[in-house]
There are 2 protein chains.
Amino acid sequence: MDDFTFLNPTKIEFGTGKEQQIGQHLALHGIRKVLLCYGSERIKRDGLFAVVGKSLAAHDIQFVECGGIVSNPLLAKVREGIVLAREHRVEAILSVGGGSVLDTAKSVAAGALHDGEVWDLFLGKAAIAGALPVFAILTLAATGSEMNSGAVVTNEVTREKFAIQSPYLFPKVSIVDPALMQTVSRDYLVYSAADIIAHAIEGYFTATVQPHFQSRLVEAILNTVIETTQTLLADPNDYAARAQFAWAATQALNGLIYAGTSGFSYPNHMIEHALSALFNVPHGAGLSVVMPAWMKWYHGRNPAQFERMARHVFGVATPLQGIAALETWFDRIGTPTRLSQLGITEADLPATIENVLAHARWFGVADLYTRDVVSQILRNAL
Amino acid sequence: MDDFTFLNPTKIEFGTGKEQQIGQHLALHGIRKVLLCYGSERIKRDGLFAVVGKSLAAHDIQFVECGGIVSNPLLAKVREGIVLAREHRVEAILSVGGGSVLDTAKSVAAGALHDGEVWDLFLGKAAIAGALPVFAILTLAATGSEMNSGAVVTNEVTREKFAIQSPYLFPKVSIVDPALMQTVSRDYLVYSAADIIAHAIEGYFTATVQPHFQSRLVEAILNTVIETTQTLLADPNDYAARAQFAWAATQALNGLIYAGTSGFSYPNHMIEHALSALFNVPHGAGLSVVMPAWMKWYHGRNPAQFERMARHVFGVATPLQGIAALETWFDRIGTPTRLSQLGITEADLPATIENVLAHARWFGVADLYTRDVVSQILRNAL
């Protein structure tokens, strides 16, 4: 087991109706004015916006709106948020939405205090020296952003989907209300399942140091996601399943399963980021295509761990049976497993490969993920 | 799944040699003088005291010693620590030792700022309104105190072993160096295993709301403790096993496995606290006696969960087979499973039952744990 530092100061408020307390949490931190980030206007129709507004008003907290944030959130919107945050001198960023809204909120929080080009923070050309405090009400469980210090944004000009990470970006308080997630569409439910699984398995398979304890925690997450997804597809109103799905999503990327492991990389995310950056496919849908394709190429490098997954998650015996079981399960729940299902054809491969290679350089794994290798993985997904 | 708030602000520094950084961590918190709590003089012989002293000196941090803390730590020593802390106006408490030292340190930290009788904090007659900051270097993995907000102390006069809990008692920084634990005796290794297992199973079996996800996390801990204990009995120098054992111990009582569960109680701890308070048995040794005895009485109230443990931990089919497997495993590793092994005989039962009943009142479960029930459980352990 490798040495590590573990610190996760985010306060999670988990449960039905907890969004009504948002004003109180902000007031406890002395916040008087926030930038309220959100996605579509749906939160105005379904009443959440009103609930939030009422809670803020009850604590005399003003807000400035920054709506219209899309999936695979864009740098342009981050820039817009930074301008608003500065112009209105907000004291915190409040995210009301899923991972895309929250990642935008975090990027604005860091960018607002950065004297220079915000994309430099993503390129590692400048360091994050501070951020406005971030608060979140989560409406979609997938990214784990509610309890971690990272954010991923797409630069729509350069077609790069890169990340920032800084201790300043841990949300102060994240409200996770599974009841708010009951209206998530069937598609986004299964894409979210794929996203959580991807977070859990990246380190599990690629780490050079991967203790059994951490593998068992990963398997607890995988089995929970599989079980609860099936339950939710049959009954979207099953609160207990929705809640476990959400909490498993949080645990999949809050540092717990990675503590003590080392030498890991994020190849599935790396490849998917290229798909999202080029074709704007939903992140989870891209991941469910990439994972089986990547596994078919990679499994020989870590057969023992693939056998673990086969045995402990799918109850089958061999690495290839395990991979097939995962792919079959993705098919069964209705998340894509082929590039063609994302509208990506063989003709798109050359440009896609180039983009993956650019992401491989950013991820620091260009030595392993050469043109040939990337081509082979993508062809596995045709 | 039940509503919950999760917040665990303790920073864990995990790995070999991290104790050398203690001065730096204290300095970062602006600390200039600490009360240094420890147990036996062993830390002076084995060099740890010198390492700590050197690190403190390098950061101009003064210290006042409070040594001689014993297992099942005593209220008298807490009082002594409080006097020292006040007299020398220390700014923080530094624990160098296992759970007993750390629980004493936490109690001193709370008591030093409490204007009145410190035991009132344990009796719930007064609230903890603050505490000196606590820092820890852990030398024995078992209690999980390094990443939680609780502490357990024995009142040697009233023969009560009660707990305090407060957000003020989360250690600011806990250094967990598995290498420091390699000299733990064989006895204390297996007692620690029993203690960790007890932390993991209390909620697992007694919670009225116990989601599958949380059960899987518990099973990850149980399987890891069992595996690594066996490895360490064969080779005490197996660092990877020692490290996983330690990290599993931390996760067993830092709030993770209890988040989202509800309606649970701590009957095994309740009964064991009576044994420790009366007969000063090692906490883990008492727990390995109590657990099988309690399970034999309790399992019919939650057969599904006992079957889970049987299947997922011991690979057997029925609740009774699972309990037998745990008891056999305790026997095999050499931690007691009978009261007689603790020197407690049938003649001691009446006084023991009375003491358990007093603890049952403190734990708020006197309705279920009546004289007859407690007698039955203890007789299962004869």
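**Entry 1. Chain A, contacts and fold**

I looked up the sequence separation of contacts in chain A: of those between residues at least 6 apart in sequence, 79% join residues at least 24 apart. Two residues are taken to be in contact if their C-beta atoms, placed from the backbone, lie within 7 Å.

I note here that the model is predicted, that local features need pLDDT of at least 70 and side-chain atom pairs pLDDT 80 or more, while totals for chains, interfaces and linings use all residues. Residues are numbered from 1 along each chain as its sequence is written, and chains are lettered from A and ligands numbered from 1 in the order in which they are written.

For secondary structure I find 15 helices and eight strands in chain A. These are DSSP runs numbered from the N terminus, helices being H or I of at least four residues and strands E of at least two.

The C-alpha trace of chain A spans about 60 × 45 × 45 Å along its principal axes.

I count 56% of the 382 residues of chain A as buried. Buried means 20 or more other C-beta atoms within 10 Å of the residue's own, exposed means 12 or fewer, and partly exposed is in between, with C-beta atoms placed from the backbone.

**Entry 2. Domains of chain A**

The domain assignment gives domain 1 (11-180) and domain 2 (186-380); such bounds come from an automatic or database domain assignment. The domain centres, over C-alpha atoms, are 26 Å apart. The contact between the domains takes 20 residues from domain 1 and 28 residues from domain 2. On the domain 1 side, β1 and β7 (160-165) of chain A each give two or more residues, and β7(A) gives the most, with three. I sorted that side by class into ten nonpolar, six polar and four charged residues. Ala, Val, Leu, Ile, Met, Phe, Trp, Tyr, Cys and Pro count as nonpolar, Asp, Glu, Lys and Arg as charged, and the others, Gly among them, as polar.

**Entry 3. Chain A against chain B**

I find 28 residues of chain A in contact with 28 residues of chain B. On chain A, β1 (4-14), α8 (212-234) and α9 (239-252) each supply at least two residues, and β1(A) gives the most, with nine. The chain A side has 15 nonpolar, eight polar and five charged residues.

β1(A) runs antiparallel to β1 (residues 4-14) of chain B, joined to it by seven bridges; strands pair if DSSP finds at least two bridges between them. F14(A) has F4(B) as its bridge partner.
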